[in-house]
Amino acid sequence: MADTALTTPPTDRTDLPHLPQRSAVRTLLRLWPFVRPVRARLFTAACVAVVASCLSLVIPLVLKWLVDGPVTEGDAGGVWLGGGYLLLLGVAEALLFGLRRWLVARPLAGVEAAMRAALYRHLQRLPVAFHDRWPSGQLLSRGTTDLQMLRMFLTFPLTFLLVNGVTILVGWAVLLAQHWTLGLVLLAPVLPLMALCSVFEAKYGRAARRTQDQLGDLTTVVEESVLGIRVIKGFGRHRSQARAFKELTRALRTSELRKARLLACILGVNTALPEIAIGGALVLGTLQVADGALSTGTLVAFLSTALALRWPVESIGFLLAMSSEAATATERYFEVMDEPAVADEGNGDEGDGDAAERPRGTNGAVGGGGRPAGSDGHDGCDGSPTGGLAFSGVAFRYPDAVPDSPPTLKDVTLHIRPGETVALVGATGSGKTTLTALVPRLYDPTAGRITLDGRDLATIGRDEARSLVAVAFEDPTLFSATAGENVLMGAEHAQEADLRRALEVAQADGFVDALPEGTATQVGEQGLSLSGGQRQRLALARAVVGRPRFLILDDPLSALDVRTEAAVEAALRQVLAGTTALVVAHRPSTVLLADRVALLSDGRIAAVGTHHELLRDNPEYAALMSGEEEGAR
Ligand SMILES: Nc1ncnc2c1ncn2[C@@H]1O[C@H](COP(=O)(O)OP(=O)(O)OP(=O)(O)O)[C@@H](O)[C@H]1O
């Protein structure tokens, strides 16, 4: 077998035509809503920094006074006084810069936290189709490194581009006022520097984008490798994985080196050109001092001012590089934030993060067997179903499906009467999971309609739909929380008694009580400290804890041993008797939990009947139940 590694394809968005081509400034302006609340502090800090930086320009003027005055006249007292002034100016500059830092540190940490919270909230509201499309590492890197970069930008380059800009302007005004011809010599490199900076900014922006995307890919690979460590080790893939990872890090290193080369070029030019100009001014100035056209003090002051401007000029390249990275981080952040979230048509409130993905049941929603008042479960006069869960001509195609491929579901029509349990059977890949995902509105049908107790699901709103419908997925995802918390996630107001009942129904009470701290035991990341069957039973308990009106179970017994399966089945029978349920089933034992069976074939409901009727009359169903279909695969 080829020595292939399991890595995600690299993301390179630098050349994608759909990316809006905004300038760095326009991109960064999008941060304004987050910065707005701290604008007063930020502005005050910038003013403080401008004053501190301009103080450094006063030092050469004191030097001029010192050289032309006390030093020339041999006035020791004056020299001490001048030294005192210089010391005071230095201390004041240091204090003001310290004050600036204090002013911005706390509010900018708040801006970062607010942006991170907004991103997380938005991620929870985005449709499942978005998460199908986006690699998790790309989202993770946007919420971590990109936001750190933005805080760094707001703390440092944003202020210092302004401060250094003002300092350079004031410094040049001082230089021109002292000696305008020498001042013009120093100004000579400005135009070529500006042109070079603009080219640099464009090139560096592209390099930064590539690097940040590669970092996201790397994060995805690390995350997948850690979660899939058992598979990687089990198949002896650790070496090929490490090699593939090394390739990615090498690509990242190449991009980082390109950034470093670009930065080195701009820093070199930014340093060399002003130094050459200062050298020229020094030669010209010395000649003028020798001719007596210029005082020594003026030349000293002139050169000190020019030297004081060296850092503000040299740092421009570095600050532009950081700003470019920040613009890229902003772009990446808003690529996610601009994705339209699913609106909740019911109450206009998509709710907090947990509402979007985690199915919830309602506490006490089912009374006396869960049949809604006034609904007898019979079809209406016009033949349309009035109660229970009904699919009418439902079609669905995944948004990221291959173009022109047939839809996953084509014309699904099925009515599950109130209190009835229907088993959904079909070959692998026939669309069973897809159909169940439509009920809690993880996806919306592309045609047809689904009704819950006669109400069109499309008009119910996601929050309400998820409060009526509880789901136990085939893959029993648990969270880094306690066993009890994982179960209680299934119902907002469930009490300890509900928790116990749900654990008993799912036959999970025995093993949960045997855990070191019972229901308060942490189950580890994704519940990996538990066995597959234990995870599945907790997921089942989560689905039933809220006594949901509608219950969707996707092959809930697949990971259980025969004895536990029989016990869970017995308990489930009681739960199913009081709710309207759709149960995806692969095995006769699960099918027997249901009142009727629906056979899903080629995206349609091909047959509905009891298990025995279908076994007798439908060869496809008989083959599925006997395992022939699976065997043929
Ligand atoms: N997010 C997705 N994007 C595109 N296609 C998808 C997506 N999820 C599933 N599919 C496709 O939809 C089809 C039906 O998948 P589904 O998981 O619903 O089948 P299933 O009947 O539940 O299979 P199984 O019995 O193996 O669980 C498959 O061809 C699958 O490749």
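Tutor: Helix α3 is kinked by about 40° at L66, shortly before the proline P70; the bend at a residue is the angle between axes fitted to the seven residues ending there and the seven starting there. The model is predicted, so local features need pLDDT of at least 70 and side-chain atom pairs count only at pLDDT 80 or more, while totals for chains, interfaces and linings use all residues. Residues are numbered from 1 along each chain as its sequence is written.

Helices (H or I, at least four residues) are DSSP runs numbered from the N terminus. Helix α3 covers residues 39-73, 35 residues in total, and spans 50 Å from its first C-alpha to its last. That is close to the expected 51 Å, where the expected span is 1.5 Å times one less than the number of residues. After α3 comes G74, with a positive phi near 70°.

The domain assignment, whose bounds come from an automatic or database source, gives domain 1 (36-337) and domain 2 (377-632). Their C-alpha centres lie 56 Å apart. Four residues from domain 1 and four residues from domain 2 make the contact, which requires C-beta atoms, placed from the backbone, within 7 Å.

Around the ligand there are 14 residues, of which Y398, T428, K432, T433 and T434 come nearest; a residue counts as near if its C-beta atom, placed from the backbone, lies within 6 Å. Helix α16 (residues 432-438) gives the most to this shell, with three residues.

Key
Contact = placed C-beta atoms within 7 Å. Helix = DSSP H or I, 4+ residues; strand = E, 2+ residues; numbered from the N terminus.
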